[in-house]
Amino acid sequence: MNTPNDVRLMLLESATRLFSEQVNDKVLAAAKRDGWSASLWQTLEQAQLPLVSIPEEAGGAGGTLSDAAAVLRVAGRHTAPVPLAETGMLAGWMLAASGLTVPPGALAVAPALDADRVVARRRSGAWQLSGTLARVPWARIASRLVVLAEGPDGAIVACVDPARCRITPHANLAGEPRDEVALEGVAAEAAAPAGAGVDRDTLRLRGALSRSLLLAGALERALELAVEYAQQRVQFGRKIGQFQAIQQELARFGGESAVAVASALSAAGVMERGGDALLAVASAKIRTADAAREGALIAHQVHGAIGVTNEYALHHVTLRLWAWREEFGNEAHWAMRLARRTQQQGADAFWPTLTAA
Amino acid sequence: MFFENVDFSAIELPPTALKLREEVRAFLTAETAAGAFTPHLGHSEFDAGFTRRIGARGWIGMTWPRRYGGQERSYLERFVVTEEMLAVAAPCAAHWFGDRQIGPSLLRHGSDYLKERFLPAIARGECSFALGMSEPGSGSDLASVRTRAERVAGGWRVTGQKVWTSWAHKAHAFFVLCRTAPDTGNRHEGLSQLVVDLKSPGVTVRPIAFMDGRQSFNEVFLDDVFVPDELVVGEIGQGWKQVTSELALERSGPERYMTTFPLLVELIRRLGPETDARAQETVGRLTARFWSLRRMSLAIALALDPGADSEAGTARASVDLGTEAALVKDMGTFFEREIIDATRLLVELEPSAESSDRFERYLAETIVCAPLSTVRGGTTQVLRTLIARRLLGALK
């Protein structure tokens with residue numbers, strides 16, 4: 001058997017309870033306007049959920065990457081409008097792995113795009129950062145921005161105050177902040193050479209993993225909404241869930257949702273154990289993004305016209321599905337990366353690679 | 001919803017399974033090098049010699065108790081052997097049914113006599129079984145079978161017709177689902193399972209040629225065939241429950257998503273090191289689909305594993321992953337087809353079954369057999385109805 005351990009179960013239970021109590025249509029509508037939910041964030045911080053998987057000595061809550069993954073799936077299921085993934089799995093990881101203390105508050109992380117770069121220079125004993133970041137998740141609401149910068153002798157992890165950066169607000173399809181950030185010689189509040197395993201490639205893998213987990217959770221929510229609707233909505237004198245045409249679509253959706261959860265959580269486990277992270281994370285991001293495409297449209301189809309309105313809850317989920325699938329590399333990006341490696345290794349290595357421990 | 005209480009992040013093959021994989025790989029490499037079998041895709045090939053060689057290595061019935069010829073190994077180890085066989089299109093039809101369906105059924109429901117008589121022989125690769133389920137009037141609706149067994153002194157007399165019985169012309173015996181009591185209104189009652197020796201008087205096997213001219217299907221006529229009491233599987237009248245109890249493992253294994261996998265390997269070979277973005281995107285996507293399906297399949301095998309302390313070696317009865325298995329089969333069989341179409345569209349050629357080139361032959365074989373996987377073992381539509389019922393509950 002392979003059931004979650006007791007620590008994981010307790011964590012899941014408290015995360016589920018907290019998100020169920022704190023996230024509702026009102027909170028989501030307000031977040032669409034404000035960019036996030038500050039009160040939800042406070043509650044999450046009190047429960048120590050943002051820093052799961054960050055060692056306690058770095059200011060974290062302890063636990064494994066798979067624990068953090070389990071929490072992110074639940075956050076996705078509730079479309080929690082907070083930088084949970086960025087604070088722990090991305091920024092918190094970079095800081096802790098580089099020997100820095102994780103500051104309190106919500107954290108943003110950069111660079112999120114392949115093309116963005118930030119240069120770090122030493123000026124009279126302090127690190128100064130310069131560069132333009134086209135799209136930084138949550139920058140304008142974060143209390144600190146954690147940057148993986150290029151220093152003169154290698155990568156530097158630095159923590160800066162977003163108030164000292166020039167921020168131009170932008171948003172993803174769901175209205176979550178995805179801001180342009182310009183750093184013009186901003187002094188780092190804390191900085192250190194990037195620790196072991198902290199590099200842009202791994203940051204990108206972790207970013208993609210985080211989005212896979214959020215997508216998997218959001219797909220479960222979209223499926224729940226579609227199923228509830230099919231159980232209630234009456235047309236032609238019957239509940240629409242009694243029509244085989246609807247049943248077959250929901251069944252397909254069930255498969256997409258299940259495989260999304262399976263791949264995202266599996267990828268977290270592989271990464272935690274130091275396995276083939278490219279294979280696992282690329283697969284998870286490709287598969288969850290594929291499932292998001294299929295699932296979002298089936299959810300809307302089942303709902304009919306009501307699903308596309310601003311007052312019905314479905315759009316909070318589907319807008320995020322459409323936004324998150326692009327972030328940290330979409331299906332095509334990861335498919336090509338994976339296939340290029342397959343080509344280099346050759347056909348005879350394909351099966352051994354797929355089945356390597 | 002699905003896979004409740006399954007921890008995907010912890011799924012990992014144990015070192016014993018990895019060691020076993022190396023052994024199986026080395027064996028298959030030697031077989032291939034010696035030209036011991038010609039790999040074909042589409043139909044699972046029947047090769048009694050290959051099956052005996054597999055049996056001699058302890059790779060049939062490997063999860064069964066030792067006293068019945070098994071190795072008491074884990075479901076994950078069996079999983080590894082199965083996927084290694086599929087990866088090289090090894091001819092497994094002579095032991096497939098015995099290993100996957102007959103053995104587990106006999107272990108769970110069979111008498112000591114049946115277990116002692118058949119399990120060690122199946123495990124040695126010396127006894128092949130077929131499955132007598134479908135009938136001319138009974139395909140997806142299996143409970144409507146009309147083959148009847150009448151009580152006689154010392155046993156039963158069976159009359160009826162089975163169809164689509166794969167490899168019945170080469171197997172030694174088959175499992176027959178039949179009606180042993182009149183239909184009382186509850187269609188799932190009054191059904192029983194019998195082992196019928198295919199050499200029994202009154203049994204006639206007639207081939208049904210597949211559209212490519214090859215023969216694996218048969219129709220089997222049973223004309224007043226005597227079946228002694230000791231060949232009754234489980235309890236008379238409990239046939240339906242027995243047939244459906246092992247579905248989770250049957251529907252979720254690698255054979256539900258890997259039957260065209262060797263074509264993907266050959267596609268990668270044919271594409272070579274220099275490919276365009278379109279080919280890369282396709283290959284990467286198929287890789288991701290395979291990886292994700294395999295994780296679900298592994299999760300089911302692991303969850304059903306009875307554990308080392310199990311006496312019986314049968315799947316954990318407390319775990320109900322039947323719907324999840326249906327999901328794996330539904331998605332797996334569609335994935336198998338995606339490989340075919342991706343290949344067609346990336347490499348322009350007219351497929352030829354006679355080609356001496358393995359890639360071209362595989363493509364032809366998989367195209368012609370593509371309709372099979374979504375029909376056998378539960379059609380897509382039946383599976384989806386099952387999945388929807390789990391999601392929606394009983395709507396009134």
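So, H6 of chain A: 26 of its 33 residues are buried, where buried is 20 or more other C-beta atoms within 10 Å of a residue's own, exposed is 12 or fewer, and partly exposed is in between, with C-beta atoms placed from the backbone. Keep in mind this is a predicted model, where local features need pLDDT of at least 70, side-chain atom pairs count only at pLDDT 80 or more, and totals for chains, interfaces and linings use all residues. Residues are numbered from 1 along each chain as its sequence is written, with chains lettered from A and ligands numbered from 1 in the order in which they are written.

Helices here are DSSP runs of H or I, at least four residues, numbered from the N terminus.

Now the core. The largest nonpolar one has 246 residues, with Ala158(A), Ala226(A) and Leu194(B) making the most contacts inside it. By core I mean buried Ala, Val, Leu, Ile, Met, Phe, Trp, Tyr and Cys residues joined through C-beta atoms within 7 Å. What does Ala158(A) touch? Its partners include Trp127(A), Leu129(A) and Val147(A), leaving out residues up to four places away in sequence; contact is C-beta atoms, placed from the backbone, within 7 Å.

Last, domains, with bounds from an automatic or database assignment: chain A gets domain 1 (6-193) and domain 2 (200-355). Their contact takes 24 residues from domain 1 of chain A and 28 from domain 2 of chain A.

Methods
Helices (H or I, at least four residues) and strands (E, at least two) are DSSP runs, numbered from the N terminus. Two residues are in contact if their C-beta atoms, placed from the backbone, lie within 7 Å.
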